[in-house]
Amino acid sequence: MPESKNQNFNHLKIHSQFSICEGAIKIDELKDFTKTNKLRALAICDTTNLCGALEFAEKISKVGTQPIIGTQINFKYENTTGLLPLYALNEEGYKRIIELSSMSYLKNDNLSDPHLDLKELFNITDGISLFTGTINGLFGQLFNKGKFTEIAELYSKLKSKYNDRFYIEIQRHGDQNEIGFEKFNLSKSLDLEIPVIATNEVFYINKDMHEAHDALICIKNKTYINEKNRLIYSDQHYLKNDSEMSELFADLPEALENNYNFSYRCSFRPLFSKPILPNISSEKGGNADEILKKNSLEGLNEKFQKFFKLENNELSSNVK
């Protein structure tokens, strides 16, 4: 029998080549796959950046698929730092996740990986949907450390802030400790009345790319294939079709239902815009090249004075 087309399940955790040394999906290849399989919606969720968001939105929308924009950002809670996925539901949410992503690079020392204090998640939440992430994310790491009470308290606080835009994410790749984390999350979902959503962390399109991806992860973490004590993903991180995902989560119809409906909550995609260039014309006339040179040197002088504490006489002898 021919393979069932993925027409219902929305893959919300696509990692493109912009997830450096993690994602192995080229956006052009994803576009072709999407067109062939007639996917209804897809979400990009690259790690620690939104570099591919515009290209993804433009190319995926051209083949009739709804693009959803998300990203994973590192957040720090006490002494634990890990990823959490955020999605833009509208333009306001898109601007906010761009701001958070930028802040993660600017608001910490140059020696640390980009991250933010978890408190930043509580400041501005409009237009954003937040998922709890994977077993390797922030809450997964806290779970592995036995911080069960702390997780429950954070879930409760996040629910009060994000309301029904906060989801407990359920994944079934067969990765280490995933089953225990799922049982804990399902229990918290019932206790705290937080909706669950089914996702699949997609690092490559076809299953036969698993070994190549495993080598890519080794490059990222500076380890070797034959090492036992390293991060090893299962071979289930490919772009599964609707039948596979429906069968995988047959016992959790509400998780599938929330996945199906999530795309209806998203009503924004970024658009290409013309570059905004400075106006260097002069009402009094003059040569545009000379005006640009003069303004550039004045700005450079100001920066040298501000950052290097150089005096005007020093600048005049060094900047020509």
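Modeller: Start with helix 1 (residues 27-37) and helix 2 (residues 53-62): their axes come within 9 Å and cross at roughly 25 degrees. This is a predicted model, where local features need pLDDT of at least 70, side-chain atom pairs count only at pLDDT 80 or more, and totals for chains, interfaces and linings use all residues. Residues are numbered from 1 along each chain as its sequence is written, and side-chain values use heavy atoms, without hydrogens or water.

Colleague: Why are helix 1 and helix 2 called roughly parallel to each other?

Modeller: Their angle is roughly 25 degrees. Angles under 35 degrees count as roughly parallel, over 145 as roughly antiparallel, 65 to 115 as roughly perpendicular and the rest as oblique. Therefore helix 1 and helix 2 are roughly parallel. The angle runs from 0 to 180 degrees between N-to-C directions, and axes are lines fitted to C-alpha atoms, for helices over the stretch in contact. Helices are DSSP runs (H or I, at least four residues), as are strands (E, at least two), numbered from the N terminus.

Colleague: Which residues of helix 1 and helix 2 meet?

Modeller: Ile27, Asp28, Leu30, Lys31 and Thr34 of helix 1 meet Glu55, Phe56, Lys59 and Ile60 of helix 2. Contact means heavy atoms within 4.5 Å. By class, this contact has four nonpolar, one polar and four charged residues. Ala, Val, Leu, Ile, Met, Phe, Trp, Tyr, Cys and Pro count as nonpolar, Asp, Glu, Lys and Arg as charged, and the others, Gly among them, as polar.

Colleague: How do helix 5 and helix 6 cross?

Modeller: The axes of helix 5 (residues 148-162) and helix 6 come within 11 Å and cross at roughly 45 degrees. That angle makes helix 5 oblique to helix 6. Phe148, Ile151, Ala152, Tyr155, Ser156 and Lys159 of helix 5 make the contact with Phe181, Phe184, Asn185, Lys188 and Leu192 of helix 6. The classes here are seven nonpolar, two polar and two charged.

Colleague: What makes a space a cavity, and how many cavities of 30 Å³ or more are there?

Modeller: There are two in the whole structure. On a 1 Å grid over the protein atoms alone, a cavity is a set of points where a 1.4 Å probe fits but cannot get out; a pocket is an open set with protein on both sides within 12 Å along at least five of seven lines; lining residues have an atom within 4 Å of a point. The largest cavity has a volume of about 60 Å³, where volume is the space filled by probe spheres set on the points, joined across faces, edges and corners.

Colleague: What lines the largest cavity?

Modeller: Gly133, Thr134, Ile135, Glu169, Ile170, Gln171, Glu178, Phe181, Glu182 and Asn185. Strand 7 (166-170) and helix 6 (178-192) each give two or more of the lining residues. Helix 6 has the largest share, four residues. The lining counts three nonpolar, four polar and three charged residues.

Colleague: And what lines the second largest cavity?

Modeller: His210, His213, Asp214, Ile217, Leu231, Ile232 and Tyr233. The space is about 30 Å³. Four lining residues are nonpolar, two polar and one charged.

Colleague: What is the volume of the largest pocket?

Modeller: About 760 Å³. The lining has 32 residues, and Glu22, Thr47, Leu83, Lys220 and Asn221 lie nearest the centre. Strand 4 gives the most, three residues. By class, the pocket lining has eight nonpolar, 17 polar and seven charged residues.
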